[in-house]
Amino acid sequence: MDWLGPAEREALTLSLRVAFWATLLSLPPAMLCAHALARWRFPGRQMLNGLVHLPLILPPVVTGYLLLLAFGPNGPVGALLESAGIAIAFRWTGAVLAAAVMAFPLMVRAIRLSVEAVDPGIEEAAATLGAARARVFLTITLPLTLPGILTGAILTFAKAMGEFGATITFVANIPGETRTLPSAVHAFLQVPGGEDAAARLVVISVAVSLGAVLVSEFLAARVARRVGRS
Amino acid sequence: MSLSVRLKHDFGGFALDARFEAPPGLTVLFGRSGSGKTSIVNAVAGILKPREGRVVLGGRVLFDSAGGVDVPVPRRRMGYVFQDGRLFPHMSVRSNLLYGRPRNAMVPFGRMVDLLGIGSILDRRPGGLSGGEKARVAIGRALLREPELVLADEPLAALDTARKEEILPYFERLRDEVSVPILYVTHSASEVARLATWVVALEEGRVAREGEAREVLSDPEVSPAGAREAGAVLEARVRKHHDDGLTELDAGGVPLFLPRVARPLGASLRVRVAASEVILSKDVPVGLSALNVLPGRVETVRTGAGPGAMVALETPAGRILARVTARSVAALGLRQGLKCHALVKALAVAPGDVGS
């Protein structure tokens, strides 16, 4: 990666780190939401569905601003975290949160589709064979929804790599801390002579996004074969 | 081990209110679709929670709405063979079979695999199996769980006639060789005739009649699967295999000729004679191609709103049901006590109607 300057390399590694954590941390709540929306009937289900999809529909700058209001140093959650010694605003951890929130609808949708495709009768059959809930989940539900989980994770990773609007609003554009790949592109384009650096990052950006989609399709097809769907 | 069931449940527009006691052996829940058979089995398995009732298996209370008992599904120790198989698509046949196997298993895995003839497909996935293979794996999986009760919900419904013939003997062997009680759901009278030790006939969520297969199927008042499916069951013994491909049976002293039955001489059989395949004649028939002529006496004549009538005939072989037209009843003057002959074509008895 010698063709990258130090600032560009910094932005790339930061983006990879942010995307990695955003993906990992959103998996458990996304799986829970997907199961709740696909299987459970409870009051407020449509409300939850709406909330989950909100980041997809709202202008990213609005999402970023709402995050700032809630998680900023003066926000209710932010103050609480601050007193616990966890700072989020204007930190790379805040970029993780922004990316996770923005990608959340994609992940939930992908997992939800795969949960809906699992025949509850198969899980019933496992229960009649003596499997308690946890075993049914680990041995039946989880493997059968794996294609959706993988697809969701890879899409989330790609989305997190490219998240810009909410991130720059929430955690600004601090080199080495919150200057992710798209923020760096934006910054390079603001200064004269920055086009070359920006172009190199654009190439990486395109490659990562396209690669993620191709890999997710490939993995999903492979896993689908393994679980006997096709 | 016996099963005692008492259930009440409301499904919008349909009420289930059933109560029966199943003795050891194979008990068939018999009725047309929508009569509540599957709901009963699901309630026994614990998948359906009835509004009220009590389910007791061999002294173990599984469900009791009054006592607040509801044993969770995994701990009911049932071997459920589902109508649609419900094999785990992401696991090999072997993993499917081993899924419910208890830690201190008694039944040798290899013996069950041999019994069901699935040794060669253990490493395949369910997706690539034929219908008959899937059904056998589903049966094996339920049995290797070493259940206290086998629940089978129309396990043959999805199979064609040839595959049915392939699977039915396994249930006959299960009934005769394994001591596990079986609750078996079907709407097929011939499966009832072949398999049932005890029959619970259901109509619209209620038990219409229960008893031994021979009694219930030969009862002209009960035809839970419709008059077209009605037919009495005779008990017979193999007397002789003839060179022309026919097997001669002895049914209460009356010879009965059927297409070749692959059973040894002296073996006892159940033969279901479909009511719609029986012809009645007042005089001893001559110059007819029908091989089987059973002399008897009319027991009851039951006419309904339609053009058909159900005639029950007492013969030395047992009770025979004949479905004839009301016009024939009038023309022959059929009434209680009248001497009459029942004619049954040898080929009208399907192989599926003959069981051990």
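The side chains of A:R200 and A:E8 form a salt bridge, with 2.9 Å from N to O. Because A:R200 belongs to helix α10 (residues 195–226) of chain A and A:E8 to helix α1 of chain A, this pair ties together parts that lie 192 residues apart in sequence. The model is a predicted one, and over all chains the count of salt bridges comes to 22.

Chain A, which holds both partners of that pair, is built with 10 helices and zero strands, so that its elements, read from the N terminus, run α-α-α-α-α-α-α-α-α-α. Taken along the principal axes, the C-alpha atoms of chain A fill a box of roughly 70 × 40 × 30 Å.

**The interface of chain B and chain A**

The size of an interface is often given as the accessible area lost when the parts come together. Here chain B and chain A bury about 1,700 Å² between them, and 65% of this is on carbon and sulfur atoms. On the side of chain B, the residues that lose the most area to chain A are B:R86, B:H90 and B:Y99, which together account for 38% of what that side buries. In terms of contacts, 17 residues of chain B meet 20 residues of chain A.

Side chains of opposite charge can pair when their charged atoms come close. Between chain B and chain A the count is one salt bridge, in which the side chain of B:R86 meets that of A:E124 at 3.0 Å, N to O; B:R86 is also one of the residues named above for the area lost to chain A. Six residue pairs are in polar contact across the interface of chain B and chain A, both residues being at pLDDT 80 or more. The side of chain B that touches chain A consists of 11 nonpolar, two polar and four charged residues.

| Salt bridge | N to O distance |
|---|---|
| A:R200 and A:E8 | 2.9 Å |
| A:E124 and B:R86 | 3.0 Å |

**The largest pocket**

The largest pocket holds about 750 Å³ of space. Its lining is made up of 21 residues, and those nearest the centre of the pocket are A:R39, A:E123, A:R133, A:V136 and A:T141. Within chain A, α1 (6–39), α6 (120–128) and α7 (133–162) each supply at least two residues of this lining, with α7(A) giving the most, namely five residues. By residue class, the lining of the largest pocket divides into 14 nonpolar, three polar and four charged residues.

Terms used: Residues numbered from 1 in each chain as written. Chains lettered and ligands numbered in written order. Heavy atoms only, no water. Contact = heavy atoms within 4.5 Å. Buried area = accessible area lost by both parts, 1.4 Å probe. Salt bridge = Lys/Arg side-chain N within 4 Å of Asp/Glu carboxyl O. Polar contact = N/O pair within 3.5 Å; in protein donor to acceptor, adjacent residues only side chain to side chain. Nonpolar A, V, L, I, M, F, W, Y, C, P; charged D, E, K, R; others polar. 1 Å grid on protein atoms, 1.4 Å probe; cavity = no way out; pocket = protein on both sides within 12 Å on 5 of 7 lines; lining within 4 Å. Points joined across faces, edges and corners; volume = space filled by probe spheres on them. Helix = DSSP H or I, 4+ residues; strand = E, 2+ residues; numbered from the N terminus.
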